[in-house]
Amino acid sequence: MTVAATAEQEQRSDAQEHLDVLIVGAGVSGIGAAHRLRKDFPDRSFAILESQDNHGGTWWTHRFPGIRSDSDLFTYGFRDKPWSGPSIAEGGAIREYLQEMIDEDHLADHIRYHHDVTALSWSSDDARWTAEVTRTDTGEQLRVTASFLWMCQGYYNHDEPYIPTFPGQERFEGTIVHPQTWPEDLDYTDKRVLVIGSGATAATVVPAVAKTAAHVTMLQRSPSYWFPAPTVHELATMLEPLDLPAEWTHEILRRTYVQQLDWLATTGRDDPDQLHEFLVETIRPLLPEGTDVEKHFTPAYRPWQQRIAFVPDGDFFEAMRDGKVSVATDTIAEFTEKGVQLASGEVIEADIIVTATGFNLAVFGDIPFSVDGEPVDFSQRVTWHGLMISGVPNMAYAFGYFRHSWTLRIDLVNDVIGRIFDRMAERGASTVVPTLRPEDADMPLLPWTSEENFNPGYVTRSQHKMFKQGDREPWTHMHEHDHDRVALPQADLDDGLEYR
């Protein structure tokens, strides 16, 4: 036995705790899952394991300037926890909303921070999961068992953002930062800032930094779609003098936003030319006179093949009109000592370069899974209705929408999981496992998402390691809300699920 092994044994706690439900992740999805357990299954024991030192998930780990939602909070918030602030909110306000849920549901004692899950294994003999856990603050090794596993860790790799290597990058004499690892002490006052990328992060960082920077240039390889959503919906302004109960206002605005999101999503699918024209023409009058709209703001792909950049009150375009922000559309030939040289030969000088180049996906937190001693290769498994995985017992996962607010789907998913708990109790079953039916024996394994449907870089880079879907129900996912809000409540809990 090595000295290291002896030290590890000494650090491992002898106590082994067993829970009814183990939730991984204390972000929006994890707190929503715990809320549902508190409400509908108050007798079940549970804990939330969170590797970070605070709650919020993305809203805690992402600290770049201006961090805010690009979905309205009336649909991003949970349906039975009314949102009462502006439609678009900053990250801090969202974390305060989640803190209210933690306080109201008395969840604080159930959340264990600094608990990094390093392995998950299922035993059919014991009908339970075992989680190997490392305390990131003390190094202590723990083991927790649970009858049911609820994966709510999100889909970003929070430790390793996507940072491409640019030619000559080492020559640059200024500062290079990625939004996911933004330094708290970075001072961009009166500095020339170059932001590489034109997605949702750039749409947030650029106007925020432009408030004090000398100038901000957003460099994009190709244009994105933009939508100047109001921070406060005009309907909210109309309702305010009526002094309605908060839950009434919340429901009215929630339905209004659902209708708007449905229109954007379904029009992008059914009549992309119409949505293309709508989006481009909506921003045209907001741009500075003389802007080359065709070059900088007319994408070559159809709307919603990548996320639309929502810009509250058009603040990005206001900064352009004020001369604080400019847009360049080109590729990078190389970095220079003072900035970057573009393929066209133009040189953009900068003191700070922000690589808003995207993120990497993580499959269930990139935690190794095993079932009865056999490693689970998720790339060879299929989803059951986008919330369970074939051949993986007693495990559900939270995954929302790309085109609608994330939480609209999480509410529906939580409903289905609650129904599954009830069905297991009715049958006296300790185990439920998605199992392919005889007619699915030759079913093709299709990509996690088709490039025709949704193809941003962070998705296409990770397709090879993501789980798959089939060509028939119940093995499909990535539907829009207009489909899910009907289909998920009616999901047949005996179709593709085996109870033992």
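Biologist: Happy to look at this predicted model with you. What counts as a salt bridge here?

Modeller: A salt bridge is a side-chain nitrogen of Lys or Arg within 4 Å of a carboxyl oxygen of Asp or Glu. Arginine 171 and glutamate 334 meet that rule with their side chains, and their N to O distance is 3.2 Å.

Biologist: Nice. Which parts of the chain does the pair of arginine 171 and glutamate 334 link, and how many residues apart are they?

Modeller: Arginine 171 sits in the loop between strand 6 and strand 7, while glutamate 334 belongs to strand 13 (residues 332-335). The pair thus links distant parts of the chain, and the separation is 163 residues.

Biologist: Is arginine 171 buried, partly exposed or exposed?

Modeller: Buried would need under 20% relative accessible area and exposed over 50%. Arginine 171 has 31% relative accessibility, so the class is partly exposed.

Biologist: Let's move on to arginine 307. Which residue is the salt-bridge partner of arginine 307?

Modeller: Arginine 307 lies in the loop between helix 10 (293-297) and strand 11 (309-310), and its partner lies in the loop between helix 3 (58-61) and helix 4 (73-76), 237 residues apart. The closest N and O atoms are 2.9 Å apart, and the partner is aspartate 70.

Biologist: And why does the pair of arginine 423 and aspartate 494 tie together separate parts of the sequence?

Modeller: Their closest N and O atoms are 3.0 Å apart, which makes a salt bridge under the 4 Å cut-off. Arginine 423 is in helix 12 (residues 406-427) and aspartate 494 is in the loop between helix 14 (481-487) and strand 23 (497-499), so the parts tied together are separated in sequence by 71 residues.

Biologist: Now for the strands. Which residue of strand 5 is the bridge partner of serine 121?

Modeller: Strand 4 (residues 115-123) and strand 5 run antiparallel and are joined by eight bridges. Four residues separate the two strands in a hairpin, where alanine 127 in the turn has a positive phi of about 55°. The strand 5 partner of serine 121 is threonine 130.

Biologist: On the other pairing of strand 5, which residue of strand 6 is the bridge partner of tryptophan 129?

Modeller: Strand 5 and strand 6 pair in the antiparallel sense over six bridges. They form a hairpin with five residues between them, and glycine 139 in the turn has a positive phi of about 85°. The strand 6 partner of tryptophan 129 is alanine 146.

Note on methods:
Residues numbered from 1 in each chain as written. Predicted model: local features only at pLDDT ≥ 70, side-chain atom pairs only at ≥ 80, totals over all residues. Heavy atoms only, no water. Pairing = 2+ DSSP bridges. Buried < 20%, exposed > 50% of the residue type's maximum accessible area, 1.4 Å probe, protein only.
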